[in-house]
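Subject: Structure handover

Hi,

Here is the structure I promised to pass on.

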Amino acid sequence: MRNVIVNTTPLIALCHVGQLGLLKKMYSEILIPRAVYNELSEKKESICKKQVDNSLDWIHVENIENQMAKSMFKTQLHDGEVEVMILAKEKNADIVIIDDANAKKYAKYLKLPVTGTLGVLINAKKQGYIYELKSVIQEMINKNIYISEKLMELCLKQVDEKM
């Protein structure tokens with residue numbers, strides 16, 4: 001089994017467009033640190049929290065072992081992002097799925113293999129799990145998930161789709 005560690009924002013984005021199940025299709029199982037689960041739990045009526053709770057057979061909530069390591073990260077990162085990186089190091093992650101640009105920089109600095117929500121969707125299209133990338137990205141935009149037109153165009157080019 002591959003160790004795939006996922007942060008809060010990609011979970012929320014995929015939940016909002018009904019694509020959380022892509023993670024199961026692509027990776028079989030994923031790990032989320034306790035802090036990510038707690039972030040999802042902040043809103044009692046969270047659509048994503050309900051979907052994650054219904055998927056705990058393949059989404060595994062993990063506690064990080066090295067609590068002291070949290071103090072070594074700058075406060076620019078949220079608890080979830082920090083725990084994603086610590087858990088990724090502890091589990092020797094095959095991939096980390098995180099969207100925040102600053103968190104991605106930290107992950108790359110730690111030599112973690114990193115992608116984001118759009119990278120997951122591009123791979124899902126290439127592997128035949130979704131039929132059209134453009135419609136999924138457009139649905140994300142419709143759900144107030146910011147994706148620039150330039151970024152959308154770059155993503156679509158990778159899977160031979162047009163704006």
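I'll start with H8 and H9, which pack at an angle of about 160° with their axes 10 Å apart (axes are lines fitted to C-alpha atoms, for helices over the stretch in contact, and angles run from 0 to 180 degrees between N-to-C directions). The two helices, H8 and H9, are therefore roughly antiparallel to each other (the label is for angles over 145 degrees; under 35 is roughly parallel, 65 to 115 roughly perpendicular and the rest oblique). H8 passes H9 in a right-handed crossing, that is, with the near helix turned clockwise from the far one by less than a right angle. On the H8 side the contact uses Leu-133, Lys-134, Ile-137, Gln-138 and Ile-141, and on the H9 side Met-152, Cys-155 and Leu-156; contact means heavy atoms within 4.5 Å. Sorted by class, this H8–H9 contact has six nonpolar, one polar and one charged residues (Ala, Val, Leu, Ile, Met, Phe, Trp, Tyr, Cys and Pro count as nonpolar, Asp, Glu, Lys and Arg as charged, and the others, Gly among them, as polar).

Some housekeeping: this is a predicted model, where local features need pLDDT of at least 70, side-chain atom pairs count only at pLDDT 80 or more, and totals for chains, interfaces and linings use all residues. Residues are numbered from 1 along each chain as its sequence is written, and side-chain values use heavy atoms, with hydrogens and water left out. Helices (H or I, at least four residues) and strands (E, at least two) are DSSP runs, numbered from the N terminus.

H8 (residues 133-142) also pairs with H7 (residues 117-126): their axes come within 10 Å and cross at roughly 155°. That makes H7 roughly antiparallel to H8, and the crossing of H7 and H8 is right-handed. From H7, Thr-117, Leu-118, Leu-121, Ile-122 and Lys-125 meet Leu-133, Val-136, Ile-137 and Met-140 of H8. The residues of that H7–H8 contact split into seven nonpolar, one polar and one charged.

Now the core. Which residues of the largest nonpolar core touch the most other members? Out of 56 residues, they are Leu-11, Leu-23, Tyr-27, Ile-30, Ile-32, Leu-121 and Leu-133 (a nonpolar core is a set of buried Ala, Val, Leu, Ile, Met, Phe, Trp, Tyr and Cys residues joined through side-chain atoms within 4.5 Å). Helix H5 (residues 79-90) supplies the largest share of this core, six residues. Leaving aside neighbours within four places in sequence, Tyr-27 contacts Arg-2, Val-4, Ile-95, Ile-97 and Val-120.

Thr-115, in strand E5, counts as buried at 16% relative accessibility (buried is under 20% relative accessible area, exposed over 50%, partly exposed in between, with a 1.4 Å probe and protein chains only). Not counting residues up to four places away in sequence, Thr-115 touches Ile-95, Val-96, Ile-97, Ile-98, Lys-104 and Val-120.

Most residues other than glycine have a negative phi. Lys-111, however, has a positive phi near 60°; Lys-111 sits in the loop between helix H6 (101-109) and strand E5 (114-115) and is exposed, at 72% relative accessibility. Asn-144 also has a positive phi, about 65°. Asn-144 is in the loop between H8 and helix H9 (149-158), and is exposed at 74%.

Cheers
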